[in-house]
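I opened a new entry for this chain. My plan was to go from the overall fold down to single residues.

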Amino acid sequence: MSHTTCRGGIVKLTVIAGGPCGTTDDGNGNGNGCGNGDCPTVYVTDRGTVAVQGYDVDHSTPAGESVVEIPEAVLKEAVRVLGW
């Protein structure tokens, strides 16, 4: 569990899929690791929302928003954990 400051104050983040990994694991089992030990992650928040950490995607967004990419396996695990 971690806490982060977000628009609107401190948000409690709880990891439900992905998370810390080694240099050879990206969640797809194909050996393409993120290399820094802090890989794409899906969190639930204490505000009833889902937060996603991933790789930056070059795509225009409004101020305060961004587009990130995560492995499909990480998203599938999050869906499984949430029971969707």
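What pattern does the chain follow, read along the sequence? I read β-β-β-β-β-β-α. That is one helix and six strands. I note that this is a predicted model.

**Entry 1: whole chain.** I looked up burial. The chain has 84 residues, and 19% of them count as buried. I then took the accessible surface, which comes to about 5,700 Å². Carbon and sulfur atoms own 50% of that surface. For contacts between residues at least 6 apart in sequence, I found that 41% join residues at least 24 apart.

**Entry 2: strand β3.** I went to residues 41-45 next. Four of the five residues in β3 are buried, so the strand is largely enclosed by the rest of the structure. I checked its pairing on both sides of the sequence. β3 pairs with strand β2 (residues 9-18) in the antiparallel sense, over five bridges. There, Y43 in β3 is the bridge partner of V15. β3 also pairs with β4, again antiparallel, over four bridges. In that pairing V44 stands opposite V50 of β4.

**Entry 3: the hairpin.** I followed the chain from β3 into β4. Four residues lie between the strands of this hairpin. G48 takes a positive phi near 80 degrees there.

**Entry 4: V50.** I placed V50 in β4, residues 50-53. V50 also belongs to a nonpolar surface patch with V52, V68 and W84. Together these residues have about 390 Å² of accessible area.

Technical notes: Residues numbered from 1 in each chain as written. Predicted model: local features only at pLDDT ≥ 70, side-chain atom pairs only at ≥ 80, totals over all residues. Heavy atoms only, no water. Helix = DSSP H or I, 4+ residues; strand = E, 2+ residues; numbered from the N terminus. Buried < 20%, exposed > 50% of the residue type's maximum accessible area, 1.4 Å probe, protein only. Contact = heavy atoms within 4.5 Å. Areas by Shrake-Rupley, 256 points an atom, 1.4 Å probe, with all protein chains shown as cover. Patch = residues over 30% accessible without salt bridge, like charges linked within 9 Å, V, L, I, M, F, W, Y side chains within 5 Å. Salt bridge = Lys/Arg side-chain N within 4 Å of Asp/Glu carboxyl O. Pairing = 2+ DSSP bridges.
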